[in-house]
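Visitor: I would like a close look at a single part of this model, with the criteria behind each value spelled out.

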Amino acid sequence: MSDATTETERSIGLTDDEEKRFAKLLGPAQAGNEKALAEVRPIIERGGMWPYIGNLARKVEEVWLDAMTGRNKIIREGYRRRADELRGELLAAGDSPLERLLVDRVVACWLQVAHADITYASLLNGESHVLRVGAHFQERQDRAHVRVPKAMRALATVRRLLVPAVQINGAEKQIVTQHAGAARTEGA
Amino acid sequence: MAWETRGNGTYYYRSVRVGERVVKEYAGGGLMGMLGAEFDEERREERAARREHERAERERWAALEAPADELDELTDALAGVALALAGYRRHDRGEWRRRRVRRNDGDGAVDRAD
């Protein structure tokens, strides 16, 4: 990333002090601490932390793409396109920044799984290897495989509980609305 | 592993682990000793190179996983804060549930979930 981009994103993002304060407040706020929530709310509403986290998500994708494809630009482009397709399948119109971030996380986790699978398969197909090296790669593969369902679960939870959904059933003249986990059906 | 002088000759011994103990194993003197020492030296270098390769591999993985771990932590934290702000609570890392709120329905205050 260029210095100019960093500077621009900083100007709409958090100051260093705010970033530190925000990081410190996240734990208590998640636990429901009212004071921490009150302090975090304006930062969330202002969206100041999205540039930083968005950059982090892009960085994660880039480092895993580098690790998977090395200097081979064609294979890299293939994985890049597949990652973008997956992102497209997971994103929905009107997604919040949080949902977009959670989708980016799923994509990053998918890249990690692909990398771990390729690496371990190459090891198994190659010459004989020391047992502990095999165990190391298998452990990496297991860790990567755990990340995907965890990331999917976080996305599903946010969508189920935070995203309002409206379904109109024209034939039976029913409107089913669902908001923050509470469903309600209204007859016409 | 070492050369040892016994009487007028110099002989090469290597250390070998037998169960819990390390014992000295006679490799030979003269040309046999030199070949044994050279072989052991190559094995040592191979092991050191393998250890170095594994260490570098672990460091490479750590560097790859560090930003991914940070992203996981941050997104989990942000999702948690967003849910907490929307009135949800999670007990002991279980399911997120609506926070119980105190409501007054006219007959006195009662605790109930939204």
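How many residues does the contact take from chain B and from chain A?

Guide: This is a predicted model, in which local features need pLDDT of at least 70 and side-chain atom pairs count only at pLDDT 80 or more, while totals for chains, interfaces and linings use all residues. Residues are numbered from 1 along each chain as its sequence is written, chains are lettered from A and ligands numbered from 1 in the order in which they are written, and side-chain values use heavy atoms, with hydrogens and water left out.

The contact (heavy atoms within 4.5 Å) takes 33 residues from chain B and 46 residues from chain A. The size of an interface is often given as the accessible area lost when the parts come together. Here chain B and chain A bury about 3,500 Å² between them, with 67% of it on carbon and sulfur atoms; buried area is the accessible area (1.4 Å probe) that two parts lose on being put together, summed over both.

Side chains of opposite charge can pair when their charged atoms come close. Across the interface of chain B and chain A there are 9 salt bridges, a salt bridge being a side-chain nitrogen of Lys or Arg within 4 Å of a carboxyl oxygen of Asp or Glu. A:Arg105 and B:Asp76 meet in a salt bridge through their side chains, at 2.9 Å from N to O.

On the side of chain B that touches chain A, the elements giving two or more residues are helix H1 (30–85), strand S4 (88–90) and strand S5 (96–98) of chain B. Helices (H or I, at least four residues) and strands (E, at least two) are DSSP runs, numbered from the N terminus. H1(B) gives the most to this side, with 26 residues. By class, the side of chain B that touches chain A has 17 nonpolar, 2 polar and 14 charged residues. Nonpolar here covers Ala, Val, Leu, Ile, Met, Phe, Trp, Tyr, Cys and Pro; charged covers Asp, Glu, Lys and Arg; the others, Gly among them, count as polar.

Over all chains, the structure holds 30 salt bridges. One of them joins A:Asp84 to A:Arg87, whose closest N and O atoms are 3.0 Å apart. A:Asp84 and A:Arg87 both lie in helix H5 (residues 73–90) of chain A, 3 residues apart, about one turn of the helix.
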